[in-house]
Amino acid sequence: MTSATFSRAPARSATGVFVDQAGLSAGEVGGVFAGVVAALAALGKGLAWLLNWQGARSDRKADRLRVWEESLDRRDKEYRQQLEHDLEELRAAHLANATEISALRNRFRALRGAALELVIEVRAISPDSPALKRADAMLRTAFPVEVVLPADLTELVNQLGEI
């Protein structure tokens, strides 16, 4: 292609197509223009696809994160519900155990009192009984009692223990 100026009017070729003096027909100019437009359109579509691909990638990543967060929230909720259920069971078991322990303490106190009454009664009847001494030792081990006696009674008990 030459660097001719387009100052002259285009001439009609033998085929009826207008041709300018530089040798380009109107069809060729239109084709070049269409080619440039097509290339720009393809480039624009390519850029749009690339940006859309990045956007779609971000959307997919966001979807995966949303699903993962929902899964974590669901598991956390289930875990909390299980903990609350277990805590309620432990509280109920603790209350039942505390009630049972209180009842056992009351029975223990009653049994300890009854055992001491029997030891005192049997000691009055047979103070030298070997069975009484063994029972007294076992009861004192099983049911330790701190008896606070007045001084005169303590002296009498010590005298009875020496007999």
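How are H1 and H2 oriented to each other, roughly parallel or roughly antiparallel? In this predicted model, helix H1 covers residues 26–125 and helix H2 covers residues 130–142. The two pack at an angle of about 155 degrees, and their axes lie 11 Å apart. Angles over 145 degrees count as roughly antiparallel. H1 and H2 are therefore roughly antiparallel to each other. The crossing in which H1 passes H2 is left-handed.

H1 brings Phe108, Ala115, Val119, Val122 and Arg123 to the contact. H2 answers with Leu132, Asp136, Leu139, Arg140 and Ala142.

The largest pocket holds about 560 Å³ of space. Its lining has 17 residues, and the closest to its centre are Val119, Ile120, Arg123, Arg140 and Val157. Val119 and Arg123 of H1 and Arg140 of H2 also belong to the helix contact. H1, H2 and helix H3 (151–162) each supply at least two lining residues. H1 gives the largest share, five residues.

Definitions and conventions
Residues numbered from 1 in each chain as written. Predicted model: local features only at pLDDT ≥ 70, side-chain atom pairs only at ≥ 80, totals over all residues. Heavy atoms only, no water. Axes fitted to C-alpha atoms, helices over the stretch in contact; angles between N-to-C directions. Helix = DSSP H or I, 4+ residues; strand = E, 2+ residues; numbered from the N terminus. Parallel < 35°, antiparallel > 145°, perpendicular 65-115°, else oblique. Left-handed = near helix turned anticlockwise from the far one by under 90°. Contact = heavy atoms within 4.5 Å. 1 Å grid on protein atoms, 1.4 Å probe; cavity = no way out; pocket = protein on both sides within 12 Å on 5 of 7 lines; lining within 4 Å. Points joined across faces, edges and corners; volume = space filled by probe spheres on them.
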